[in-house]
Amino acid sequence: MINVTKEAAGWFKNELGVQEGQAIRFFARYSAGGTIHPGFSLGIEIESPVSPGTVSEVEGIKFYMEDKDLWYLKGYNLNVVYNQMHHDIEYKYETVEGPH
């Protein structure tokens with residue numbers, strides 16, 4: 001599940017020019033480091049869903065992850081929050097209880 005705060009949605013509008021009715025895709029990408037999967041991190045792009053596995057709508061923007069990328073969140077919820085001190089978004093991963 002993806003949870004985006006209103007403040008974080010505002011960041012996407014201000015920083016990326018995302019408008020109501022558009023969508024933000026979160027996807028797994030190869031990179032150094034990584035929080036929950038070493039060697040992978042979360043990428044973002046403005047793109048309409050094709051086969052969404054999970055979707056949240058905040059401030060008129062759809063935030064989603066395609067079905068093929070859901071492995072990245074297996075066992076976790078993704079919370080996207082705004083960090084006021086850094087004027088940036090942060091990803092906070094919350095462990096999901098129960099069978100994975």
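Colleague: Where is the place of aspartate 69?

Modeller: Aspartate 69 is in the loop between strand E5 (61–66) and E6. Bear in mind that this is a predicted model.

Colleague: Is aspartate 69 buried or exposed?

Modeller: Read the relative accessibility against a cut-off: buried means under 20%. Aspartate 69 has 8%, so this residue counts as buried.

Colleague: With which residues is aspartate 69 in contact, leaving aside its neighbours within four places in sequence?

Modeller: They are Arg25, Phe26, Phe27 and Ala28.

Colleague: And tryptophan 71, where is its place?

Modeller: Tryptophan 71 also sits in the loop between E5 and E6. Its relative accessible area is 38%, so tryptophan 71 is partly exposed. Now look across to alanine 28. The C-alpha atoms of tryptophan 71 and alanine 28 are 8.8 Å apart. Along the chain, 43 residues separate the two.

Colleague: On to the sheet. What is the order of its strands?

Modeller: Start with the general idea. Strands of a sheet pair through backbone hydrogen bonds, either parallel or antiparallel. Here, three strands form an open sheet in the order E1-E6-E7, and the pairing is mixed. Strand E1 (2–4) and strand E7 (88–95) are the edge strands, each pairing on one side only. From one strand to the next, the twist averages 20°.

Colleague: In which sense do E6 and E7 pair, and over how many bridges?

Modeller: Strand E6 (residues 76–83) pairs with E7 in the antiparallel sense, over eight bridges.

Colleague: Which helix lies across E1, E6 and E7?

Modeller: Helix H1 (residues 6–16) does. H1 runs at about 70° to E6.

Colleague: How many residues has the largest nonpolar core?

Modeller: General idea again. In soluble globular proteins, nonpolar side chains tend to be buried together. In this model the largest nonpolar core has 22 residues. Phe12, Phe26 and Phe63 have the most contacts inside it.

Colleague: Which elements give two or more residues to this core?

Modeller: E1, H1, strand E2 (23–30), E5, E6 and E7 do. H1 provides the largest share of the core, four residues.

Colleague: With which residues is phenylalanine 12 in contact, again leaving aside its neighbours within four places in sequence?

Modeller: Phenylalanine 12 is in contact with Gly17, Val18, Ile24, Phe26, Ile44, Phe63, Val80 and Ile89.

Conventions: Residues are numbered from 1 along each chain as its sequence is written. This is a predicted model: local features need pLDDT of at least 70, side-chain atom pairs count only at pLDDT 80 or more; totals for chains, interfaces and linings use all residues. Side-chain values use heavy atoms; hydrogens and water are left out. Two strands pair if DSSP finds at least two bridges between them. Axes are lines fitted to C-alpha atoms, for helices over the stretch in contact, and angles run from 0 to 180 degrees between N-to-C directions. Contact means heavy atoms within 4.5 Å. Buried means under 20% relative accessible area, exposed over 50%, partly exposed in between (1.4 Å probe, protein chains only). A nonpolar core is a set of buried Ala, Val, Leu, Ile, Met, Phe, Trp, Tyr and Cys residues joined through side-chain atoms within 4.5 Å.
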